[in-house]
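Visitor: I have a model open and a few things to ask about it. Can we go through them one by one?
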Amino acid sequence: MVDREAELACFAARSAQTRGRQRQEDPPRSRSQFQRDRDRIVHSTAFRRLEYKTQVFVNHEGDLFRTRLTHSLEVAQIARSVARCLRVNEDLVEAISLAHDLGHTPFGHAGQDALNECMLPFGGFEHNLQSLRVVDVLEERYGEFDGLNLCFETREGILKHCSPDNARRLGAVAERFLLRRQAPIEAQIANLADEIAYSNHDIDDGIRSRLIESTQLEQAPLYARHRQVVIETMPGIAPRRAVHETVRRIIDTLVSDLIEESERRIAAAAPAGIDDVRRASALVAFSAPIRAEADTLKSFLHRNLYRHPQVVRMTTKAGRIVRELFAAFQAEPRLLPVEHCARVEHEGPRAIADYIAGMTDRFAIREHRRLFAVGEF
């Protein structure tokens, strides 16, 4: 196998130097350790379920809105482009990007908030921690171990944030949160690629849904100045194409700025290896002006899209579905499938949270209807 990692920067992660897997395995013969991780993630049940888990709009509301799956693919594409320019490990960046939402509940953040509310007496619920739990414990594909048995670096990158209490419980994979250290550059790239992807596809989905108008978005300078370029250089362009052209230019600006600012920070810090990256301040970042514009755009979307009455109406329903499912299963665990009912005896409410978090939007709606609608069984 050609050693493509030999050309990486000195501070990049290398699969030959991985801190290993929780359970020792023979090394792969025709791919790198991080490529094996990526492949295990893509073939996992949790990854397939992302096709039917919402971003902003619930899955049944339209065929063309983004789902967690399309979002994860967009994040991976952006992250790989940045990683290539910074000469760090594209395979690790891709694995982290594809896995970062595996633990997300049905109904997006509304589902997470409702499940966290239910789990507060039992340690709470956070989708980022749940993604790690999915790859460490919950996937059942291999005869010799639970989970996917991923490399340390992939697992560490999935864990974007973590409370001190949870960090102490998780051990080495979360020790950077106790030591106030940075993640490797590959994980930093995946984190900001996630931000670029969701802000820009929410613009597209928000306009497609007619909950926001392109003219409203001109309150955000990042959108306004790119739209102006489109209108000036492409007079008479159809409105739908104008949106796509504007979003395309915004993404290009954000990615280009991220690369340039990160290159500047890396040159100033001159890290000789991953340990230097960990000790440094964040090395992957936007410049101050672009950071401010990106934050203004996010604030606009929060005010005008995520808090739009139609979205709030659906998220309120979604939260109620999750809370009522949890209460029903907690009151009578025998309502759960047999294997999950057995887990409740040993793990208590955490097993119920695992079951609900694994649901797709439409399965959660159907399960709620079965439990609470007269005439449904």
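Visitor: Which residues in helix 16 meet helix 18, and which ones do they meet there?
Guide: This is a predicted model. On the helix 16 side they are Val322, Leu325, Phe326, Phe329 and Gln330, and they meet Pro349, Ile352, Ala353, Tyr355 and Ile356 of helix 18.

Visitor: At what angle do helix 16 and helix 18 pack?
Guide: About 140°, with the axes 10 Å apart. The crossing is right-handed.

Visitor: Switching to the largest nonpolar core, which residues touch the most other members?
Guide: Val88, Ile185, Ile189, Ile203, Leu217, Tyr223 and Leu254, out of 45 residues in that core. Helix 3 (68-86), helix 10 (185-208), helix 12 (221-233), helix 13 (239-269) and helix 15 (288-306) each give two or more residues to this core. Apart from it lies another core, of 25 residues, including Phe329 and Ala353.

Visitor: What is Tyr223 in contact with, leaving aside neighbours within four places in sequence?
Guide: Ile203, Ile207, Ser214, Leu217, Glu218, Val243, Thr246 and Ile250.

Visitor: Now Glu156. Buried or exposed?
Guide: Glu156 is buried, because its relative accessibility is 2% and the cut-off for buried is under 20%. This residue lies in helix 7, residues 152-158.

Visitor: And what does the Glu156 side chain make a polar contact with?
Guide: The side chain of Arg278, at 2.6 Å. Not counting residues up to four places away in sequence, Glu156 also touches Val173, Arg176 and Pro184.

Note on methods: Residues are numbered from 1 along each chain as its sequence is written. This is a predicted model: local features need pLDDT of at least 70, side-chain atom pairs count only at pLDDT 80 or more; totals for chains, interfaces and linings use all residues. Side-chain values use heavy atoms; hydrogens and water are left out. Helices (H or I, at least four residues) and strands (E, at least two) are DSSP runs, numbered from the N terminus. Buried means under 20% relative accessible area, exposed over 50%, partly exposed in between (1.4 Å probe, protein chains only). A polar contact is a pair of N or O atoms within 3.5 Å; within protein, one must be able to donate a hydrogen and the other to accept it, and residues adjacent in sequence count only if both atoms are side-chain atoms. Contact means heavy atoms within 4.5 Å. A nonpolar core is a set of buried Ala, Val, Leu, Ile, Met, Phe, Trp, Tyr and Cys residues joined through side-chain atoms within 4.5 Å. Axes are lines fitted to C-alpha atoms, for helices over the stretch in contact, and angles run from 0 to 180 degrees between N-to-C directions. A crossing is left-handed if the near helix is turned anticlockwise from the far one by less than a right angle, and right-handed if clockwise.
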